[in-house]
Amino acid sequence: MASPIEGPHRGRPRAPAPDGRRSAAPARGRGRLPMPVLALLVAVFLTGCAATTGSTAGESSPTAAAPTAVAPTVTAPWAAGAPGNTAAGHGAPGTGTPGAEGTTRSRTGPGVHPDTPAPLGGLGPRTLALIPGDTRQVVVVTGRGRDANRSEAVLYRRTVSGWEAGAAWPARNALNGWTDHHLAGDLRSPIGVFTLSDAGGLLPDPGTLLPYDESPGFSIDGTGFMGEPLAGSFDYVVAIDYNRVPGTSPLDGTRPLGADRGGGIWLHVDHDGPTQGCVSLEEGHMRQLLLALDPGQHPVIVMGDAGSLSR
């Protein structure tokens with residue numbers, strides 16, 4: 001529902017053993033090789049044996065060539081995406097520093113660029129362009145259809161090799177589905193990309209890094225659209241920054257776009273029924289999300305039906 005306010009070392013290969021090696025005691029009557037020639041053959045044989053892979057200093061001959069160390073290939077971190085790279089004022093998708101992971105070994109192959117991130121949840125170019133360049137955490141909530149109120153949530157983390165998906169969590173959204181132009185009372189969840197700045201709930205802070213407002217103002221009772229009890233729905237919430245002022249409690253009622261555009265759109269605990277405009281997750285998953293979200297990673301939520309998000 002909506003809120004009540006709405007590399008190894010390599011050595012030379014082993015020299016092949018001479019074929020038809022003669023006995024150390026030559027047969028009587030056969031001519032002996034001249035000593036200079038015999039000394040030369042012995043020197044060549046010993047040099048080849050000493051170059052076997054894995055030999056130690058005590059095993060190698062002074063005449064052996066030292067193994068060549070092969071250094072691993074290391075790529076530098078990605079360059080930070082500068083704000084203003086797109087018309088929307090965000091960094092271009094696919095750019096930015098990888099965060100604490102630092103450098104990584106190159107695993108590029110033909111046709112693969114080391115700075116190309118892995119795909120992000122089937123999002124299209126228009127949607128991707130709205131994700132800020134410094135964002136390293138994205139909650140993608142994908143509706144099953146424009147008018148459906150069941151959806152799926154996945155937390156993605158950006159690593160040096162691209163976007164890494166977490167577990168898929170069942171979710172619910174508004175009774176009538178999704179809309180590009182949310183209005184108060186339309187019983188649809190807004191489609192778009194929104195920052196996640198503040199959290200709160202009726203229960204104590206579980207340990208989130210987001211600012212957390214524990215307050216009795218998150219109490220709720222009554223029943224939902226399916227007759228299900230609503231008690232406990234706001235035990236944990238994360239404010240979705242749609243028509244609100246980031247940096248304030250989720251309970252703050254300021255509406256920059258006007259009251260007619262609705263507000264109080266939250267991530268909150270599922271009550272086994274569709275919402276008025278929010279996105280709900282099972283309580284255990286809400287706790288996991290609160291513990292995972294890090295304001296230093298500039299988290300956002302991307303929400304809407306699959307067709308809209310693929311644009």
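**Exercises on a predicted chain**

Glycine 247 has a relative accessibility of 62% and counts as exposed (exposed is over 50% relative accessible area, buried under 20%, partly exposed in between; 1.4 Å probe, protein chains only). The model is predicted, so local features need pLDDT of at least 70, side-chain atom pairs count only at pLDDT 80 or more, and totals for chains, interfaces and linings use all residues. Residues are numbered from 1 along each chain as its sequence is written, and side-chain values use heavy atoms, leaving out hydrogens and water.

**Exercise 1. Trace the salt bridges of arginine 146 and aspartate 180.**

Step 1. Know the rule. A salt bridge is a side-chain nitrogen of Lys or Arg within 4 Å of a carboxyl oxygen of Asp or Glu. The whole structure holds 7 of them.

Step 2. Take the pair itself. Aspartate 180 and arginine 146 bridge with their closest N and O atoms 3.0 Å apart. Aspartate 180 lies in the loop between E8 (178-179) and E9 (189-190), and arginine 146 in the loop between E5 (137-143) and E6 (150-159). The two are 34 residues apart.

Step 3. Follow arginine 146. A salt bridge joins arginine 146 to aspartate 305, with closest N and O atoms 3.5 Å apart. Aspartate 305 is in strand E15 (residues 300-305), 159 residues from arginine 146.

Step 4. Follow aspartate 180. A salt bridge joins aspartate 180 to arginine 311 at 3.0 Å between the closest N and O atoms. Arginine 311 is in the segment after helix H4 (306-309), 131 residues from aspartate 180.

Step 5. Shared partners join Arg146, Asp180, Asp305 and Arg311 into one network.

Step 6. Aspartate 305 is buried at 7%. Aspartate 180 is partly exposed at 42%, as is arginine 146 at 33% and arginine 311 at 32%.

**Exercise 2. Identify which residues touch the most other members of the largest nonpolar core.**

Step 1. Define the core. It is a set of buried Ala, Val, Leu, Ile, Met, Phe, Trp, Tyr and Cys residues joined through side-chain atoms within 4.5 Å.

Step 2. Pick the residues. The largest core has 41 residues, and Val238, Leu267, Ile301 and Val302 touch the most other members.

Step 3. Note the other core. A second, separate core of 8 residues includes Phe218, Leu230, Val237 and Cys278.

Step 4. Examine valine 238. Beyond its neighbours within four places in sequence, its contacts include Leu196, Leu210, Trp266 and Met286.

Notes:
Helix = DSSP H or I, 4+ residues; strand = E, 2+ residues; numbered from the N terminus. Contact = heavy atoms within 4.5 Å.
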